[in-house]
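Visitor: I have a model open here and would like to talk it through with you. Could you start with the residues that matter for my first look?

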Amino acid sequence: MEKEKQMEILKNLIAIDSVNDNEAKVADYITSLFEPYKDREDVDIKRVTYAPNRDNLVVTIGKGKKVLGFSGHEDVVSPGELSAWDSDPFKAEIKDGKLFGRGATDMKGGLAALVITMLDFLVADKIPGKIRLFATVGEETGEYGAAQLTKAGYADGLAGLIIAEPSNEMKEVGIASKGVIDYAVTSMGKGAHSSKPEEGINAIDHLIDFANEVKLLMEKFDEVDPFLGKLTHVQSVFQGGEQINSVPAKALMKGNIRTIPTYSNQAVFAALNGLIDKLNQKPGYDLSIEYIFPEEAMSGDANAELVQLVRSVHDEMYSDPMKVVGNTGASDGSEFLHAKGNFSIVQVGPGNDSEHQSNENIDVDIFSQSVEFYKKLAVAFFN
Ligand SMILES: [Zn+2]
């Protein structure tokens, strides 16, 4: 596809405001691009609705038993303060070889590149094998589109999955990612006038005990992953008390844990639940814990066939050596890895470190070259 047409597709995707909603419009647009081919027997287009206005899209092209997965998310994060932008975040502008707009890097650029790769195969009528695109909803807020598609079996039997998240302008390939455990602990006490504290139960005191102990408990998870480093833990929200002269009846804290593959989420849950149970043995303690959208860490093997394939195509196209890395953030890969079958997942895509920021941008040439990269990779994958 000509570069101009490629840029038009990316611009049109950016123009759809899909800040944690409206992914159906992104699915509509991608569907419209495949519309001319929809009657071919080797083309299958399926929408999988998550919620009103929020559709995942699964597009399969080609034939054969071996299936290569392509994945990109349709949602973007909020543009934030508009005054911090030099241009309209939903009206992409090109300046000095860079295209600016919300999602340019994360990851409408990568998504567009995958779509264009598939369209080019269709136009040329040379599809190297069966390729399945997963365009997902809600990646930024809990990977629930990928979770839904995985549960419904769309990713079962894949032979490999390429996620086009930005990877330092195609210089890196991500093979592992940290998991996420968000937790909320509620401490219930008993209100009383602070002049008679013996009549109340101080919910804040009990929560502070938890906060102090959980810090030490998480530090015991001290193994170091070669790609991801250590498990991290941040106590991020603290609320409690009703007024200055009352014994607090309720207090709440939240924390965010980023896990590594050495430790399953189950192991971390067991430790946290154990601490809650231990504290609740003490008189008057009433603590409870809740987990929000936990994601399992994704382990990676630098020697996996798919990683080697990415490396060889990369070395053929780019002069810089490719770096194998881990990602500290979770991605749709954390959900797709639960699909049936044994396959590798790699993250490699155009885009830079401007994700989630104002003036998010993508290098136009790197974006365009990534289409060539995905084409070569797909051909090599089926050879
Ligand atoms: Zn992303």
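Guide: Histidine 73 and aspartate 106 are both buried, where buried means under 20% relative accessible area, exposed over 50% and partly exposed in between, with a 1.4 Å probe and protein chains only. This is a predicted model, in which local features need pLDDT of at least 70, side-chain atom pairs count only at pLDDT 80 or more, and totals for chains, interfaces and linings use all residues. Residues are numbered from 1 along each chain as its sequence is written, and side-chain values use heavy atoms, with hydrogens and water left out.

Visitor: Which residues coordinate the zinc ion?

Guide: The zinc ion is held by His73 through NE2, Asp106 through OD and Glu165 through two OE entries, at 1.9 to 2.5 Å. Donors here are N, O and S atoms within 2.8 Å of the metal (3.2 Å for Na, K and Ca), and since water is not among the atoms, sites may look incomplete.

Visitor: And what are the angles among its four donor atoms?

Guide: They run from 54 to 144°, and the site of the zinc ion is irregular. Four donors count as tetrahedral if all angles lie between 85 and 135 degrees; four count as square planar and six as octahedral if opposite donors are over 155 degrees apart and all others between 65 and 115, and anything else is irregular.

Visitor: What spacing do the donors follow along the chain?

Guide: The spacing is H-x32-D-x58-E. Histidine 73 belongs to strand β3 (residues 67-73) and aspartate 106 to helix α3 (residues 104-124), 33 residues apart, so that the pair links distant parts of the chain. Helices (H or I, at least four residues) and strands (E, at least two) are DSSP runs, numbered from the N terminus.

Visitor: Which residue is joined to aspartate 106 by a cis peptide bond?

Guide: That is methionine 107, with omega about -20°, and methionine 107 is found in helix α3. Most residues other than glycine have a negative phi, and most peptide bonds are trans.

Visitor: How many residues of α3 are buried?

Guide: The count is 19 of the 21 residues, so α3 is largely enclosed by the rest of the structure. Aspartate 125, which follows α3, has a positive phi near 55°.

Visitor: Where is aspartate 96, and is that residue buried or exposed?

Guide: Aspartate 96 sits in the loop between β4 (93-95) and β5 (98-100), and is exposed, with a relative accessible area of 75%. Its phi is positive, about 50°, although aspartate 96 is not a glycine. Asparagine 168, likewise a residue other than glycine, has a positive phi near 50°; it lies in the loop between β7 (160-163) and β8 (172-177) and counts as partly exposed at 37% relative accessibility.

Visitor: Changing topic, what does UniProt place at residues 175-280?

Guide: The unreviewed UniProt entry has the feature "domain: Peptidase M20 dimerisation" there; its positions are given in the numbering used here, feature names are shortened, and annotations may be inferred rather than shown by experiment. Over residues 175-280 the chain is 31% helix and 34% strand, with the end C-alpha atoms 41 Å apart.

Visitor: Last one, how many helices and strands does the protein have overall?

Guide: The protein has nine helices and 17 strands, and buried residues make up 53% of its 383 residues. Taken along the principal axes, its C-alpha atoms fill a box of roughly 80 × 45 × 40 Å.
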